[in-house]
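Hi,

Here is the structure I promised to pass on.

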Amino acid sequence: MQETFYSLPVPLTIALVADLHDHPYTAVVSSLQANKPDIICIAGDFTHGGFPPSGLKMENTEYALSFLAACTEIAPVYVSLGNHEWLFCEQDLAVLRSVGAVVLENSFILKDGIAIGGLTSARFTHYRLYRKGFASLIYPRPYYFDAKELEPDLSWLDAFEAQPEYKILLSHHPEYYDKYLCNRKIDLILSGHAHGGQIRLGGYGLFAPGQGLLPKYTSGVYGNLVLTRGLSNTALIPRLFNPPELVYILPARQHPAGNRG
Ligand SMILES: [Fe+2]
C-alpha cells in the first residue's frame, strides 16, 4: 500500500479511505495510527459483493465493520456509501452508527466550523426506492437496472452548498464530478471507485467503472476533486503498476512527508 500526501488549502488533516471492499486492513490502520489525521473520510465501497448469505449485509462483512470500529479509535470517522453498499437497509446504517461512525447518507453535518456531506451512490438510492415497493421482503429479487442510467439524489446539495462553512463532500463516484458537482460551491470533493484505472501506464489508467476505457479521472488532484486509487480490487482486470493507496490531505503550510510506497 502506498501512502500519498497532498498539501492543499484545507483547514485540517484528512485521511481519504475508499474501496476497502471488505479486505484485510492492518496496514491501513497502522498508517492511520502513525499519521494521526484529524478526520477519516471513508468515501464508499468498504463492503463487497451482492446478497449476503443471510441476515444483514453489514453484519456479514469479514473485515469492514471491525475496520470502521478501529478507525473510530483513531479519529472521527465520516462514511459515505458506494455502489457496493447498495443492499444496505436501515439496520445496516444503524450498525455503522453503533461503532461510532457518522453516516452521511445524502446528508451533511456541521462540525467544528466545517460542513461534511456524503453523496450516496445512485445504486443504493434507487435500490432503496425499489425495496420500498416490496415492504414485506428484505431483499426482493430480481432487480435489474443499468447503473449508467441512474441518477444520485441531489435534492439536499443546494442546502449543503448554502452553508458558509468550509465544505467537504464525500462522493464515491468520480464520474459524478463533471455531471453534477464541478460547478457547485464545494471546497473539497473526495472520491474513489476508479481503482486507479486498473492498469496504469505513464500516469494514465486503462479502465474505470462508470467511465469506461481510458477514463478521465483515475488518481490524483483535479481542481477541488481528490481521487484515491483505493485499497483493493474487484474488477476482472488486475491492478498493474497501480498499488493500493491511502491518501492524506494536509493543510498547505504543513510539509508533506512524501510518498512512501
Ligand atoms: Fe465503487
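**Aromatic pairs, a sheet and a helix**

Phe108 is partly exposed, with a relative accessible area of 25% (buried means under 20%, exposed over 50% and partly exposed in between, with a 1.4 Å probe and protein chains only). Before going on, a word on the basis: this is a predicted model, where local features need pLDDT of at least 70 and side-chain atom pairs count only at pLDDT 80 or more, while totals for chains, interfaces and linings use all residues. Residues are numbered from 1 along each chain as its sequence is written, and side-chain values use heavy atoms, with hydrogens and water left out.

Phe108 forms a stacked aromatic pair with Trp156, at 6.5 Å centre to centre and 25° between the planes. Here rings of Phe, Tyr and Trp (its six-membered ring) pair if their centres lie within 6.5 Å; planes under 30 degrees apart count as stacked, over 60 as edge-to-face and the rest as tilted. Phe108 belongs to strand β6 and Trp156 to the loop between α4 (122-132) and α5 (157-161), so the pair ties together parts 48 residues apart in sequence. Helices (H or I, at least four residues) and strands (E, at least two) are DSSP runs, numbered from the N terminus. Trp156 is buried, at 9% relative accessible area.

The structure holds 11 aromatic pairs. In one of them, Tyr25 and Phe67 have ring centres 5.3 Å apart and planes at 55°, so this pair is tilted. Both are buried, Tyr25 at 18% and Phe67 at 0% relative accessibility. Ring pairs also join Tyr25, Tyr63 and Phe67 into a cluster.

Back to β6: which strands make up its sheet, and in what order? The open sheet has six strands, ordered β6-β7-β8-β9-β15-β14, with mixed pairing. β6 (107-111) and β14 (220-222) are at the edges with a single partner strand each, so one side of each has no neighbour in the sheet. β6 pairs with β7 (residues 114-119) in the antiparallel sense over five bridges, and Leu110 has Ala115 as its bridge partner in β7. Two strands pair if DSSP finds at least two bridges between them.

Finally, helix α1 (residues 26-35) has Val28, Val29, Ser31 and Leu32 as its buried residues. These pack against β1 (2-8), β2 (14-17), β3 (39-43), α2 (64-72) and β16 (245-251), where contact means heavy atoms within 4.5 Å. The face turned away from the buried side of α1 carries the exposed residues Thr26 and Ala34.

Best wishes
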